[in-house]
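Here is a short tour for anyone who likes to know how a fold is put together before setting up a calculation. Have the viewer open as you read.

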Amino acid sequence: MSHGPRSGLTAVSSALLAMSRHLEVRDVLKTIVASARELLDAQYAALGVPDDHGGFAQFVVDGVSDEQWKAIGPLPRQHGILAAMLHEATPERLGDVRKDPRFGGWPSAHPDLIDFLGLPIRDGDEVIGALFLANKNCPKPEGTCGFTQDDEELLGILAQHAAIALTNARLYERSRELTIAEERSRLAHELHDAVSQKLFSLRLTAQAATALVDRDPVRAKGELHQVATLAAEAADELRAAVVELRPAALEEDGLVATLRTQIQVLDRAHTARVTFTGRGVKALPAAQEEAMLRVAQEALHNALRHSGAEHVDVTLHRRGTATVLRVTDDGGGFDPRTVRRAGRHLGLVSMRDRANGTGGRLTVRSAPGEGTTIEMEVPGG
């Protein structure tokens, strides 16, 4: 190692503390690769979490710009040296990865990797990831590995703690999924108890009005008035059951953490890249946070289901004394002049109502072929 014992221990301690601060899986993965690259002074680092189909469910890199990553193209498959780490569960330390007989090449935009250090991340007997670094920043004769045996042992320690952090993050997300399922079940019961009796009464009253309309129009008219009253009461009960149920995740974690978690799930579930940045935003009143969450969900739904976007970016930041939510996509866009006709289909009317109802405002910018930006601004935060 190029660091002395004290600085080395400090670096390891900092890396382990950084990993323990995050609960969302993607944040944990990013922290692991960034910590490994800094700790071993490498130019590049990456971590892949395998799926069951010969590819990677998640693949996080550090040292590569967003432009480079986009140009590289699809995620790698489980082959060559990556496959050896995953399936044979053995460390790999190479002087020149390109000369290894298992090397299968890489896309033209891929950075040129030379010396290489990689090892599996294991949870018991299960390999849950592959962590590797390349191009150690140190003088080295051509064809020799800049990574030492000490580096391999240090990365092994980091990988053991990475396995714990990653497993904990997965358990946390699983717990959150169960919480969401429980919330949905509670909502179903709430709706049933609050609305079903009203709807049953409404149906019987409407049937009575139908039977009376010819032989006793006066009574039929009275029954129809009762239908209208019951329908209004049912609508009020439904609105109360839905609107008053603040999402459990929002209640526990706040807007920034809830948005980040939901966007990470969407990023995994869709082919489009979905990203989130939250900067300097403090807690908002409950009604504003829920309105912002609902607007973000609606805007994301539109972008991922209807726009054909390849990238959707969500930001939450301060602007003066206000908090601003912005959802931008690079999809097909639309003509804002047709918004009156398209508004209800795209949920724009609902989004604008939510913004106005919390003292905020909604702005929509779009053009055919130029994507869409939806911005919600509320005071405070």
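The report below goes from the whole chain to its sheet, its cores and a few single residues.

## The chain as a whole

Please keep in mind that this is a predicted model. Its chain has 381 residues, and 43% of them count as buried. Ten helices and ten strands make up the secondary structure.

The accessible surface amounts to about 20500 Å², with 52% of that belonging to carbon and sulfur atoms. If we take the contacts between residues at least 6 apart in sequence, 62% of them join residues at least 24 apart.

## A five-stranded sheet

Let us turn to an open sheet of five strands, ordered β2-β1-β5-β4-β3 with antiparallel pairing. Its edges are β2 (56-62) and β3 (92-94); each has a single partner strand, so one side of each lacks a neighbour in the sheet. On average, neighbouring strands are turned by 15° against each other, direction ignored.

Strands β4 (residues 116-123) and β5 (residues 126-136) pair in the antiparallel sense over eight bridges, and L117 has L133 in β5 as its bridge partner. Two helices pack on this sheet. Helix α2 (residues 25-40) touches β1 (42-50), β2, β4 and β5, and its direction makes about 150° with that of β1. Helix α4 (residues 80-88) touches β1, β2, β3, β4 and β5, with its direction at about 140° to that of β5.

## Strand β1 and its partners

How many of the residues of β1 are buried? Seven of its nine residues are, so β1 is largely enclosed by the rest of the structure. Six bridges join β1 to the antiparallel β5, where A42 stands opposite K136.

Six bridges also link β1 with β2, again antiparallel, and here L47 stands opposite V60. The two strands form a hairpin with five residues between them, and G54 in the turn has a positive phi of about 85°.

The largest nonpolar core has 33 residues, and L259, L325 and M376 have the most contacts inside it. At least two residues each come from α7 (248-269), β6 (273-279), α8 (286-305), β7 (311-319), β8 (322-329), α10 (348-357), β9 (361-366) and β10 (372-379). Among these elements, α8 gives the most, with nine residues.

Leaving out residues up to four places away in sequence, L259 touches F276, L293, A296, L316 and L325. There is also a second, separate core of 29 residues, which includes I32, A36, V49 and A163.

A291 lies in helix α8. Buried means under 20% relative accessible area, and A291, at 5% relative accessibility, therefore counts as buried. Not counting residues up to four places away in sequence, A291 touches R354, T358 and M376. The C-alpha atoms of A291 and G357 are separated by 8.5 Å, although the two residues are 66 residues apart along the chain.

Which residues of α10 are buried? They are L348, M351 and A355. Viewed down the axis of α10, these buried residues fall within an arc of 65°, so they line one face of the helix. After α10 comes G359, with a positive phi near 75°.

Technical notes
Residues numbered from 1 in each chain as written. Predicted model: local features only at pLDDT ≥ 70, side-chain atom pairs only at ≥ 80, totals over all residues. Heavy atoms only, no water. Core = buried A, V, L, I, M, F, W, Y, C linked by side-chain atoms within 4.5 Å. Buried < 20%, exposed > 50% of the residue type's maximum accessible area, 1.4 Å probe, protein only. Helix = DSSP H or I, 4+ residues; strand = E, 2+ residues; numbered from the N terminus. Contact = heavy atoms within 4.5 Å. Pairing = 2+ DSSP bridges. Axes fitted to C-alpha atoms, helices over the stretch in contact; angles between N-to-C directions. Arc of directions from axis to C-beta. Areas by Shrake-Rupley, 256 points an atom, 1.4 Å probe, with all protein chains shown as cover.
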